[in-house]
Amino acid sequence: MLPSRRFLPSTSLLVAFEAASRTGSVTAAARELDLTQSAVSRQIKALEEQLGVELFVRERQTVRLTLAGDGYAREIREALRRISSASLNLRANPHGGTLNLAILPTFGTRWLAPRLGSFLAANPGVMINLVTRLSPFDFRLDSIDAAIHFGHAHWPGAELTFLMSEKTVPACSPEFRTRHLINAAQDLLEAPLLHLTTRPDAWERWFADNGVSFQSVHGMLFDQFATAAQAATAGLGVALLPTFLIQDELKRGDLVAAVDRETESSGHYYLAYPPERADYAPLLAFRAWIIREAAI
């Protein structure tokens with residue numbers, strides 16, 4: 001149930017307040033909104049009177065948010081963004097549902113995107129919007145319906161559906177393997193290693209799993225598999241890469257296994273979503289589809 005109407009200011013008042021809070025100027029806000037300065041001032045004053053709280057400190061030609069106004073501006077800005085996003089989604093797809101899906105960048109571009117055509121063909125009324133998220137977030141604070149998650153089966157406030165496991169291989173260019181005389185797992189200790197920031201202990205785990213003693217491992221850091229794979233292809237080092245994400249490079253010979261030691265990752269891929277969206281029709285259709293695709 002919505003709160004009392006007196007706590008629901010009109011959108012025009014909120015838009016004027018947000019513009020002035022962001023620009024720090026009533027004049028700039030009026031220019032942005034194509035209104036007069038006095039009209040914006042009246043709207044802000046009306047909002048303050050409705051809330052019973054002073055939102056700005058007036059200083060000559062500028063306005064400065066009060067402490068209360070600053071916190072309110074942050075929440076209102078996000079609320080307006082979500083309203084705008086919902087309206088844009090509805091306009092883009094007025095006859096079907098929209099699924100806002102957060103993806104891991106390389107998984108999204110190399111595994112999910114090439115397969116999405118079959119889902120859209122089977123569900124012509126559903127539109128999917130893809131956004132990138134590298135780590136778990138609070139579904140309550142974002143207009144996201146579901147997300148692809150890698151790791152352990154834990155995401156506060158979300159339900160998780162298992163999709164697939166993952167195997168990784170130490171990959172490098174053929175020339176790099178020859179130049180560094182790599183023949184066994186132990187030899188990798190003497191080679192430049194490429195690390196992923198979201199999996200900082202991956203190499204330590206790999207060496208331990210393969211019975212290789214080490215003091216420490218260092219090397220270049222990357223925030224995405226795609227850039228790490230490109231760096232490995234360019235001969236900058238050896239990267240621990242999921243085999244299903246580098247199939248094309250392996251087939252072309254751009255990348256090879258530095259040593260033939262494929263290992264299974266401790267984490268898995270999941271579809272995460274808030275419990276209140278579990279019965280949302282577009283999500284139900286997508287969940288059934290991606291489970292089938294992941295099993296192939």
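The lining of the second largest pocket comprises five nonpolar, five polar and six charged residues (Ala, Val, Leu, Ile, Met, Phe, Trp, Tyr, Cys and Pro counting as nonpolar, Asp, Glu, Lys and Arg as charged, and the others, Gly among them, as polar). The model is predicted: local features need pLDDT of at least 70 and side-chain atom pairs pLDDT 80 or more, while totals for chains, interfaces and linings use all residues. Residues are numbered from 1 along each chain as its sequence is written, and side-chain values use heavy atoms, without hydrogens and water.

A pocket is an open set of points on a 1 Å grid over the protein atoms alone, where a 1.4 Å probe fits, with protein on both sides within 12 Å along at least five of seven lines; lining residues have an atom within 4 Å of a point. The volume of the second largest pocket, about 280 Å³, is the space filled by probe spheres set on the points, which are joined across faces, edges and corners. Of its 16 lining residues, Arg-82, Asn-100, Ser-143, Asp-145 and Arg-277 are the closest to the centre. Helix α4 provides the largest share of this lining, four residues (helices being DSSP runs of H or I, at least four residues, and strands runs of E, at least two, numbered from the N terminus).

The largest pocket has a volume of about 760 Å³. Its lining numbers 46 residues, with Phe-150, Leu-196, Thr-198, Arg-199 and Phe-225 nearest the centre. By class, 25 residues of the lining of the largest pocket are nonpolar, 13 polar and eight charged.
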